[in-house]
Amino acid sequence: MTSHLLAFSQRLAAIMPEIGSKRLPPLLVTMLKGLVPFDNAVIVHFQEGHQPQIHYNDIPPLDRESQIDGFVNGAFLLDPFYRAAVDRGISGLHRLSDLAPEGFKKTEYYRSYFKFTQTVSYTHLTLPTTPYV
């Protein structure tokens, strides 16, 4: 087992007892940040036909209104990751540049929401869930 896979496995095993608890999201984010650096994390539950549920975010409080509120209140419907998951059943780890349509900066999503987030690089992990999750 490579050292990276071993480190991931050990860290994941340490937080497994927290599945189902409110402690899991911040522990999971801390674990992932220990493996790969990133600035912010948001854990969102998408369910087609419903407003997304934010289960965790570590976006600075002053940025939450522009980034979280606008997204949850409608921008998510045009989000390339949401569209890929709902329309095409795509899951996995993807960069925005992998899923965004050609001419992304001219889209309604970009013009009305995304450019205001000041996000430079955006990677998204989409996991399918069962109806019971």
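**View 1. L35 and the nonpolar patch around it.** L35 counts as partly exposed, at 35% relative accessibility. Here buried means under 20% relative accessible area, exposed over 50%, and partly exposed in between, with a 1.4 Å probe and protein chains only. The model is predicted: local features need pLDDT of at least 70, side-chain atom pairs count only at pLDDT 80 or more, and totals for chains, interfaces and linings use all residues. Residues are numbered from 1 along each chain as its sequence is written, and side-chain values use heavy atoms, with hydrogens and water left out. L35 is found in helix 2. Together with L5, F8, L32 and V36, L35 makes a nonpolar surface patch of about 370 Å². Helix 1 (3–15) and helix 2 (24–35) are the elements that each give two or more residues to this patch. Patches are made of residues with over 30% relative accessible area and no salt bridge; nonpolar side chains (Val, Leu, Ile, Met, Phe, Trp, Tyr) are joined within 5 Å, and like charges within 9 Å.

**View 2. The whole chain, for orientation.** The protein has six helices and four strands. Read from the N terminus, its elements run α-α-β-β-α-α-β-α-α-β. Helices (H or I, at least four residues) and strands (E, at least two) are DSSP runs, numbered from the N terminus. The C-alpha trace spans about 45 × 35 × 30 Å along its principal axes. The protein has 133 residues, of which 26% count as buried. Of the contacts between residues at least 6 apart in sequence, 44% join residues at least 24 apart; a contact means heavy atoms within 4.5 Å. Accessible areas come from the Shrake-Rupley method with a 1.4 Å probe, and for residues only the protein chains shown count as cover.

**View 3. The salt bridge between K33 and D58.** Side chains of opposite charge can pair when their charged atoms come close. The closest N and O atoms of K33 and D58 are 2.9 Å apart. K33 lies in helix 2 and D58 in the loop between strand 2 (53–57) and helix 3 (61–72), so the pair ties together parts that are 25 residues apart in sequence. K33 is partly exposed, at 31% relative accessibility. A salt bridge is a side-chain nitrogen of Lys or Arg within 4 Å of a carboxyl oxygen of Asp or Glu. The structure holds five salt bridges.

**View 4. Two further salt bridges, R111 with E108 and D98 with R95.** The side chains of R111 and E108 meet at 3.2 Å, N to O. Both residues lie in helix 6, three residues apart, which is about one turn of the helix. R111 has a relative accessible area of 43% and is partly exposed; E108 is also partly exposed, at 43%. For D98 and R95 the N to O distance is 3.0 Å. D98 counts as partly exposed at 43% relative accessibility, and R95 counts as partly exposed at 48%. Over the whole protein there are 12 positive and 12 negative side chains, and the centres of the two sets lie 3 Å apart. Lys and Arg count as positive and Asp and Glu as negative, while His and the chain ends are not counted. The place of a charge is taken as NZ of Lys, CZ of Arg, CG of Asp or CD of Glu.

**View 5. A85 in helix 4 (residues 80–88).** A85 is partly exposed, with a relative accessible area of 23%. Leaving aside residues up to four places away in sequence, A85 touches I90 and T126. Q47 is 38 residues from A85 along the chain, and their C-alpha atoms are separated by 10.0 Å.

**View 6. G70 in helix 3.** G70 counts as partly exposed, at 31% relative accessibility. Its contacts, not counting residues up to four places away in sequence, are E65, A75 and Y113.

**View 7. Q118 in the loop between helix 6 (108–112) and strand 4 (123–126).** Q118 is exposed, with a relative accessible area of 70%. Its phi is near 60 degrees, a positive value in a residue other than glycine.
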